[in-house]
Structures are given as structure tokens and as C-alpha cells.
Amino acid sequence: MKLNYIEQGVASAPTIILIHGMFGSLSNLGMLGRTLIEQYRVISVDLRNHGDSPHQQQMDLPSMAEDIVELMDDLSIDSATLIGHSLGGKIAMQIALNSPARVTALVVADIAPVTYSGGQDQALAGLVALGSVPIDSRGAADKILSEYIEVPSTRAFLLKNLARDGQGSLSLKLNIASIEQNYATTLVAAPTGDLYGGPTLFLKGETSAYIQDKHRPIIEQMFPQVQLQVVANAGHWLHAEQPQAVNSAVAAFLSEIHLING
């Protein structure tokens, strides 16, 4: 599948690929990307069924990982540092575990290599509701979402998936039917494959339950060169809640592994 992407930064520099999470788009890691473009070639992608990438009913970690590898092939990228948040982190792990030669280094933001029970059920329910009725304004859309989600900032994030069609009506860019079908099965599954021995950084939001103490042995077994850092005063959306701390942690990690001038 040919994913939608944008490329920024220094074309001749080492490549970093930013991979967003569920219900997101390539803009979600934009603050991090802007701190990297002065030194790196930075590619931000829309996952399948998200943003401006194509829709397809099949939606699982192996196929979504293959989408990224296909993009790397199309752009003649032998290997890249992968930075992924949530679902994007799982996809990045899947690539590292199955195609380690393609991954220079790995950064995983607030997700573990385990199978989860659904954690964003209300967000999914709200988006399904949005997709089932005509929408004439963002205010009306926000009112619908407010029946499922109390936090305004979360609603604002989800409403970024609305776009006007050729007739001027608002509709979801997400393939919500595929996401709903696969949400509780393939999309919460653990990444699979051999261990990845390259440099790896896991970032955990302090108040988030996505990475727990019981996950650490699994992480260390699958990623033996791992560093695990906790981002204070942050939940699952750590890159949005504490951008400076996340940006500094990523920059320090990249400097430590001598990605540039190594």
C-alpha cells in the first residue's frame, strides 16, 4: 500500500520515520519532528485507514508494518530510526522484530509488546456515532462526541479527523468501519517476531497504565539493548502533554547512539 507521507529535514542525513497512533495522522508527532529536521531526514506517515492514506479492510500489525517497509523501499531507504507512539509503536516494534536490518534504532512511546484489552472504547464509540450521521459543523460534531468523551482536548484531537468533501459536508477521513472491525482483535495484538538487538528507547507516561512493571521483563527479553525512561506528569499522550521532556529524551538518545557522525 502506498502511504501518504511528508518528508522534511536534511535529505543527506540519517532517516527518522515518525509513526502516529490510533485515530491519529502524520501531524500528531509534529512537535517532535520539528526538533529533528535540522539534523535528520524526517518522514512522517499516515497509517492505512488514517489521514490521507488509502483505505483497506485488512488492518493488522504485519500488514501495517509492511506498508512502512514498502515506503522505505520506494524512497530507497536501507534503514531508518523508527519512532512510534501507541499503535505506531507496536508497528515500529513489528518491523524491528521481523526486519531488524531495516531499523537503525527504535523509539517506542507509551506502549508495550503485549496484547491489550480495548483501551479507547469510548473514543471508538464516539467516532462510530460521528460516522453514522450527517455532520454540518464542527460544533455539532463536538456535541456528539461529548456524549462519549468528557475531556475537551481529547475531543479536539479526534475532531482533526474531520474534513470537508467535494459538496462541503464534513466527514471522517478514518476508515472507521475497518477500525471498528479489527479494533478488539488485530489492533490490540502484541507484535511478534525475533528479538531486536539494536538500540531501543521506551518512553512511559508517568500516569499511564500502558507500560506496567510486569511488562518490563517482556520488553527486556525482546529488546535486550533497551532503555526505559518515565516522562513525569504525563499520561498516554506524553508527546503532547510534555513535549519538551519527550523531545529532550529522544534527542539525548539519538546523540548517545551517535546516529550522526557515528
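Let us start with a pair of helices: H5 passes H6 in a right-handed crossing. Keep in mind that this is a predicted model. Helix H5 covers residues 138-146 and helix H6 covers residues 152-159. Their axes lie 10 Å apart, and the two helices pack at an angle of about 125 degrees. H5 and H6 are therefore oblique to each other.

Which residues in H5 and H6 meet? On the H5 side they are Arg138, Ala141, Asp142, Leu145 and Ser146, and on the H6 side Arg155, Leu158 and Leu159. Sorted by class, the residues of this contact of H5 with H6 are 4 nonpolar, 1 polar and 3 charged.

**H5 and its other partner**

H5 also packs with helix H4, which spans residues 121-131. Here the angle is about 140 degrees, with the axes 9 Å apart. Angles over 145 degrees count as roughly antiparallel and those from 65 to 115 as roughly perpendicular. H4 and H5 are therefore oblique to each other. H4 passes H5 in a right-handed crossing. The contact is built from Gly126, Leu127, Ala129 and Leu130 of H4, together with Ala141, Ile144 and Leu145 of H5. Its residues divide into 6 nonpolar, 1 polar and no charged.

**A pair at another angle**

Now turn to helix H2 (residues 61-74) and helix H3 (residues 87-98), whose axes come within 9 Å and cross at roughly 75 degrees. H2 and H3 are therefore roughly perpendicular to each other. From H2, the residues Leu61, Pro62, Met64, Ala65, Ile68 and Val69 meet Leu87, Lys90, Ile91, Gln94 and Ile95 in H3. By class, this contact of H2 with H3 has 9 nonpolar residues, 1 polar and 1 charged.

**Empty space**

Next, the gaps between atoms. Rolling a probe the size of a water molecule over the atoms shows where empty space is left. How many cavities of 30 Å³ or more are there? The count comes to 2.

| Space | Volume | Lining by class |
|---|---|---|
| Largest pocket | about 320 Å³ | 5 nonpolar, 6 polar and 3 charged residues |
| Second largest cavity | about 50 Å³ | 8 nonpolar, 2 polar and no charged residues |

The largest pocket is lined by 14 residues. Nearest its centre lie Phe157, Lys160, Trp237, His239 and Ala240. Helix H1 (30-36), H6 and helix H9 (238-241) each give at least two residues to this lining. Which element supplies the largest share of the lining? That is H6, with 4 residues.

The second largest cavity is lined by Leu29, Leu32, Ile83, His85, Val107, Ala109, Leu203, His239, Val246 and Val250. At least two of its lining residues come from each of strand S4 (80-85), strand S5 (103-109) and helix H10 (243-256).

Conventions:
Residues numbered from 1 in each chain as written. Predicted model: local features only at pLDDT ≥ 70, side-chain atom pairs only at ≥ 80, totals over all residues. Heavy atoms only, no water. Axes fitted to C-alpha atoms, helices over the stretch in contact; angles between N-to-C directions. Parallel < 35°, antiparallel > 145°, perpendicular 65-115°, else oblique. Left-handed = near helix turned anticlockwise from the far one by under 90°. Contact = heavy atoms within 4.5 Å. Nonpolar A, V, L, I, M, F, W, Y, C, P; charged D, E, K, R; others polar. 1 Å grid on protein atoms, 1.4 Å probe; cavity = no way out; pocket = protein on both sides within 12 Å on 5 of 7 lines; lining within 4 Å. Points joined across faces, edges and corners; volume = space filled by probe spheres on them.
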